[in-house]
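Me: I'd like to learn how to read a protein model, one feature at a time. Could you walk me through this one?

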Amino acid sequence: MNLNDVHRGIQKHKKRNRVGRGPGSGHGKTCGRGHKGQGSRAGFSLHPTFEGGQMPLVRRIPKRGFNNRWALSVAIVNVGDLEARFEADDVVDLDALRAKNLVKGRSDLVKILGDGPLTKKLTVSAHRFSRSAREKIEQAGGQVVVLPGKAPVVKNKPRSR
């Protein structure tokens, strides 16, 4: 393979396939739909999990547990990580945690957990703290700042008139 072959055939805007334009096009007559049958008819649509009447895979596999689609995603950081990455008297906030790669990706809340030792005096800002993390930070002479979390959505709230 040569370097000039790498992008050969890759087009940014590929032309739409125009079907039903005669036998010379290779997509004339039946236009790629084959002869007769359900798929050849106008208005045909197929459920993505349909397997020809066989019990679909998504229904054969057992379901387990419950996945809460509205649950807040919580990023966790241990006190031992703060000890390793920050200097004494540092201010540990969300931006500092992201800068030190302790919080990656998208998360709604940040929780500090108490795993590991802490000897440095730090001012730690986060949404949640475990009891042991709070004790370790305050024992080292640091300060705990609880940030406001995402406000919960209240459904069916009575309207004030």
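**Reading the sheets**

Reply: Let's begin with a sheet: strands β2, β4 and β6 form an open one in the order β2-β4-β6, with parallel pairing. Its edge strands are β2 (91-92) and β6 (143-146), each of which pairs on one side only. Keep in mind that this is a predicted model, where local features need pLDDT of at least 70 and side-chain atom pairs count only at pLDDT 80 or more, while totals for chains, interfaces and linings use all residues. Residues are numbered from 1 along each chain as its sequence is written, and side-chain values use heavy atoms, with hydrogens and water left out.

Me: What counts as a strand, and when do two strands pair?

Reply: Strands (E, at least two residues) and helices (H or I, at least four) are DSSP runs, numbered from the N terminus. Two strands pair if DSSP finds at least two bridges between them. In general, strands of a sheet pair through backbone hydrogen bonds, either parallel or antiparallel. Here, β4 (residues 123-126) and β6 run parallel and are joined by 4 bridges. To see one of the partners, find V124 and look across to V144 in β6.

Me: Which strands make up the open sheet that has β3 in it?

Reply: That sheet has 3 strands in the order β1-β3-β5, with parallel pairing. Its edge strands are β1 and β5 (128-129), as each pairs on one side only. Between β1 and β3 (residues 109-113), which run parallel, there are 5 bridges. I76 stands opposite K111 in β3. β3 also pairs with β5 in the parallel sense, over 2 bridges, and there I112 stands opposite F129.

Me: Which residues of β1 sit on its covered face, and which on its uncovered one?

Reply: The general idea is that in a regular strand the side chains alternate between the two faces of the sheet. In β1 (residues 74-78), A75 and V77 belong to the covered face, whereas V74, I76 and N78 belong to the uncovered one.

Me: How many helices and strands does the chain have, and how do they follow one another?

Reply: The chain has 4 helices and 6 strands. Starting at the N terminus, the elements run α-β-α-β-α-β-β-β-α-β. Between α1 (57-60) and β1 there is a loop, and A71 lies in it.

Me: Is A71 buried or partly exposed?

Reply: For this you compare relative accessible area: under 20% is buried, over 50% is exposed, and in between is partly exposed (1.4 Å probe, protein chains only). A71 has 45%, so A71 is partly exposed. Across the chain, buried residues make up 20% of the 161 residues.

Me: How many salt bridges are there, and how do I spot one?

Reply: Look for a side-chain nitrogen of Lys or Arg within 4 Å of a carboxyl oxygen of Asp or Glu. This structure holds 3 salt bridges. R8 and D5 form one, at 3.0 Å from N to O. R8 is exposed because its relative accessibility is 59%, and D5, at 26%, is partly exposed. Another links E51 and R60, whose closest N and O atoms are 3.4 Å apart. E51 is partly exposed at 31%, and R60 is partly exposed at 41%.

Me: What about R106 and D108?

Reply: Their side chains meet in a salt bridge too, at 3.0 Å from N to O. R106 has 65% relative accessibility, so R106 is exposed. D108 has 16%, so D108 counts as buried.

Me: Which residues line the largest pocket?

Reply: A pocket is an open set of points on a 1 Å grid over the protein atoms alone, where a 1.4 Å probe fits, with protein on both sides within 12 Å along at least five of seven lines; lining residues have an atom within 4 Å of a point. The largest pocket is lined by W70, L72, K150, A151, P152 and V153. About 170 Å³ of space lies in it, where the volume is the space filled by probe spheres set on the points, and points are joined across faces, edges and corners.
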